[in-house]
Amino acid sequence: MEPDRTPFHAAITGVGLVTSAGIGVSAAWERVSAGTGTAASRVPALAGMPADFACWVPDFNGAKAVGRKKAWRLDRCNQFAIAAAAEALADSGLDPATWDGARVGVVLGNGIGGAATWEKQHRTLLDPELGPERVSALLIPMLSVNMSAGYVAIECGAKGPNFVTATACASGTTAVGMARELLRSGQCDVVITGGTEAPLVPSIVTGFSQMGALTERKTDLASASRPFDVDRDGFVPAEGAAVLVLERVEHARARGAEIHAMVSGYGASADAHHATAPDPEGQGAERAVRAALRDACLPPDAVDHVNAHGTSTPLNDVSEARMIRRVLGDRPAVNSVKGVVGHALGAAGAIEAVTTALTVQHGLIPPTANLESQDPAVELDVVAKAPRQTRVEVAVSNSFGFGGQNAVLVLTSA
C-alpha cells in the first residue's frame, strides 16, 4: 500500500529498566544481550503454591528507590514505575524543575494494578482478629491500576495528559503508541511512557498455573523460558518496569539530546477470536503489524529485525511465527527477550520496547535464550546462542494480550 501521510517520528531520549535481569539499563542490557538463561528463582511469597518460582527482582529496595516514607504508601508496581522513570529522566537529561509541566504527559501500561496490596488487605479484612477496622486507608490508591501514572506525574510535576492503558500483556506497547499520539497531536512536547507490573502473588500466579499457561520446568529454572524451542511448554511469570522518555524530534534536537531510536509507527487490532487463545493464523496480529508499517510509511521488506512477543507457549509462538513469515518473509532476524526476563504481563511490551531501542542504537540483536532446537513450525531466522552484530535500521516490536489485544511498534534508527 502506498503511504498516505508523512511519517511522524517520536524521539526516545531516555530509558529506564527494573527487571529480573538487572536493575538499571546497563545491568539488564548486559544480561539480555548475553542471553545466557532465564533470570528466574524461587519466590518466598509463592512458597507452597503450584508454581513457586518466577523472574522476580529480589534486590529491589523500595525504600532506597522512592524513599522510606513513600515506600510503605506505594504498591510494589508503583515503586517500580517511579524507579524506572527516574532512570529514564536522568538518561534524557531533562530537568523537571525547569520544564513546563503542562506540556509533559505520562502514559503507562499496567495489567493488574496493586496485586500485593489487594491480597494483603483482603487477608486483613477476613482475619477475625483484625477485620475491617484494620484495612488500610491507603488501599484504594495503592491498588488502583491508574496510580502508576499518577504517582510518576506527582514525582516529576508532569501536568499534561495522564492515564494508564490496560490491554493485558499488550499494555506497555499500547502505552508507548498512545504516548506518541500525544506528541503527534501537539498536546505534549514530552511524554513519560512505558509499563509496570508486580503480579507475583499467590492468587495471580496460581491462576495462570491453573489455566495451563505456565511452564512445568520446575527444577532447571535457568532453562524454563525457551521461546520458539520445540520443548517449550509455557511462560515464566515476571515482574518489573520499563520507562521511555519520548519527545517531539524538534524539541529533543533543540536541546541537543542524544536520541536512542525513533518510534515511527504504531498499530493495534483485536483478534475477536477467544478470551485467552490467539488466532491460530495470527490474522489479528497481522492487521496490527501492517497498520504499524503503514503508519511508519514503510514496506514490509524494510524490516531488519522483529522483537517477538515470543512467550514460550506452544500456541502463541507458532501463531506469531506464521504471521511474521507471511507478512515479513524470512528476512528479518527475530528474537524474544522473554527467554531471559520472563513474561512481565503489562510491563512486557515496554521492556521489549526498551531492548528494541537499544538493539537499533547498538546494532546488536540479543539471542533468544534456551533455544536449543527450533520448532520446525517456526520457519524464521531466530537469533540464538550468541548475540548478532548487525545494522538495524527498522525494527518491529510485537505484543499480544488476552482478549485478543494486539499492539505493534515500529522503531527506526535516529
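Begin the tour by selecting Arg226, which is found in the loop between α9 and β8 (240-248); helices (H or I, at least four residues) and strands (E, at least two) are DSSP runs, numbered from the N terminus. The model is a predicted one, in which local features need pLDDT of at least 70 and side-chain atom pairs count only at pLDDT 80 or more, while totals for chains, interfaces and linings use all residues. Residues are numbered from 1 along each chain as its sequence is written, and side-chain values use heavy atoms, with hydrogens and water left out.

With a relative accessible area of 6%, Arg226 is buried, a term that means under 20% relative accessible area, with a 1.4 Å probe and protein chains only. Show its surroundings next: not counting residues up to four places away in sequence, Arg226 touches Arg217, Asp231, Arg232, Ser312, Ala369, Asn370 and Glu372, where contact means heavy atoms within 4.5 Å. The side chain of Arg226 also reaches the backbone oxygen of Ser223, at 3.0 Å.

Now move to helix α9 (residues 202-210), where Val205, Thr206, Phe208 and Ser209 are buried. Viewed down the axis of α9, these buried residues fall within an arc of 155°, so they line one face of the helix; the arc is that of the directions from the helix axis to the C-beta atoms. Following α9 is Gly212, whose phi is positive, near 80°.

The next stop is the largest pocket, which holds about 480 Å³ of space. On a 1 Å grid over the protein atoms alone, a pocket is an open set of points where a 1.4 Å probe fits, with protein on both sides within 12 Å along at least five of seven lines, and lining residues have an atom within 4 Å of a point. Select Thr276, Pro278, Thr313, Asn316 and Phe402, which lie nearest the centre among the 31 residues of its lining. Helix α12 (314-328) and the strands β15 (394-401) and β16 (405-412) each supply at least two lining residues, and the largest share, five residues, comes from α12.

Finish at the second largest pocket, with a volume of about 300 Å³. Of the 13 residues that line this second pocket, Ala71, Trp72, Leu74, Thr117 and Met142 are the closest to its centre. Both α4 (76-92) and α5 (115-126) supply at least two residues of its lining, and the largest share, four residues, comes from α5.

Notes: Buried < 20%, exposed > 50% of the residue type's maximum accessible area, 1.4 Å probe, protein only. Points joined across faces, edges and corners; volume = space filled by probe spheres on them. Polar contact = N/O pair within 3.5 Å; in protein donor to acceptor, adjacent residues only side chain to side chain.
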